[in-house]
Amino acid sequence: MRKRFDDELRKLNDLLLEMAGLNESAIKKAISLLDEKEESIAEEVVHDEERTDEYEDIIQKQCLKIFVEQQPAASDLRRVSSALKMITDLERIGDNARDIAEICMSLPNNYDTLSFPLIKKMADATVELLNKSIDAFVNLDLETAKKIDKEDDIVDNYFVMIRDQLIDIIKSDFDPAAAIDFIMIAKYLERIPDHGVNIAHWVIFTIEG
């Protein structure tokens with residue numbers, strides 16, 4: 001009986017990793033549109049977001065299957081319950097990536113996106129935090145989960161730096177409309193780690209109750 005439960009749990013973990021992998025891919029593709037606006041890449045981000053919706057449904061069914069067939073107790077019950085909560089955050093991350101792609105594609109071609117290297121660094125930090133939070137759940141890594149809040153502070157600091165940079169640029173006759181677009185991209189990147197923090201908190205709940 002335990003072996004069967006472990007097999008179902010491994011399947012659940014694999015599905016979560018696949019869903020998170022789609023999110024990572026979508027974020028990277030969306031940010032790449034700052035350098036070159038390719039319609040095909042933007043369409044891939046939309047497709048990735050749609051697939052995360054599908055994964056949400058698949059994982060929900062996998063969790064319910066475990067509940068009904070395996071009737072987990074104590075920590076196992078918390079783990080499956082946490083997975084159900086996590087997929088809501090993962091689905092919203094996909095939405096954020098799609099929003100970023102849409103803004104990037106709407107930017108006029110003559111905007112100098114190379115003036116904002118901090119956005120790419122912020123995106124890298126965002127992806128790293130997301131990966132760590134998912135790995136913490138799969139590996140039941142309490143130490144890593146408890147460090148995610150500090151990782152989120154790093155991303156928040158990037159947002160502040162980007163905001164301040166945009167304020168200075170606007171003063172030097174930069175198009176205010178473009179500044180709003182860039183600050184929205186940074187804001188979506190700032191929101192994604194908040195979902196990663198939620199996932200980390202569910203890891204802590206799974207382990208400590």
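**Exercise 1. Work out what surrounds lysine 187.**

Start with the ring: the charged end of lysine 187 sits over the ring of phenylalanine 159, 5.1 Å from its centre. The test for "over" is NZ of Lys or CZ of Arg within 6 Å of the ring centre and within 35 degrees of the ring normal.

A quick caveat: this is a predicted model, where local features need pLDDT of at least 70, side-chain atom pairs count only at pLDDT 80 or more, and totals for chains, interfaces and linings use all residues. Residues are numbered from 1 along each chain as its sequence is written, and side-chain values use heavy atoms, with hydrogens and water left out.

Lysine 187 forms a salt bridge with glutamate 190, the closest N and O atoms being 3.2 Å apart; the cut-off is a side-chain nitrogen of Lys or Arg within 4 Å of a carboxyl oxygen of Asp or Glu. The two are 3 residues apart in helix H6, about one helical turn. Helices here are DSSP runs (H or I, at least four residues), numbered from the N terminus.

Finally, check accessibility. Lysine 187 is partly exposed at 29%, while glutamate 190 is buried at 12%. Buried is under 20% relative accessible area, exposed over 50%, partly exposed in between (1.4 Å probe, protein chains only).

**Exercise 2. Say which helices the glutamate 49 salt bridge joins.**

Find the partner: glutamate 49 meets arginine 98 at 2.8 Å, N to O. Then place both: glutamate 49 is in helix H2 (residues 39-70) and arginine 98 in helix H3 (residues 74-106), so the pair ties together parts 49 residues apart in sequence.
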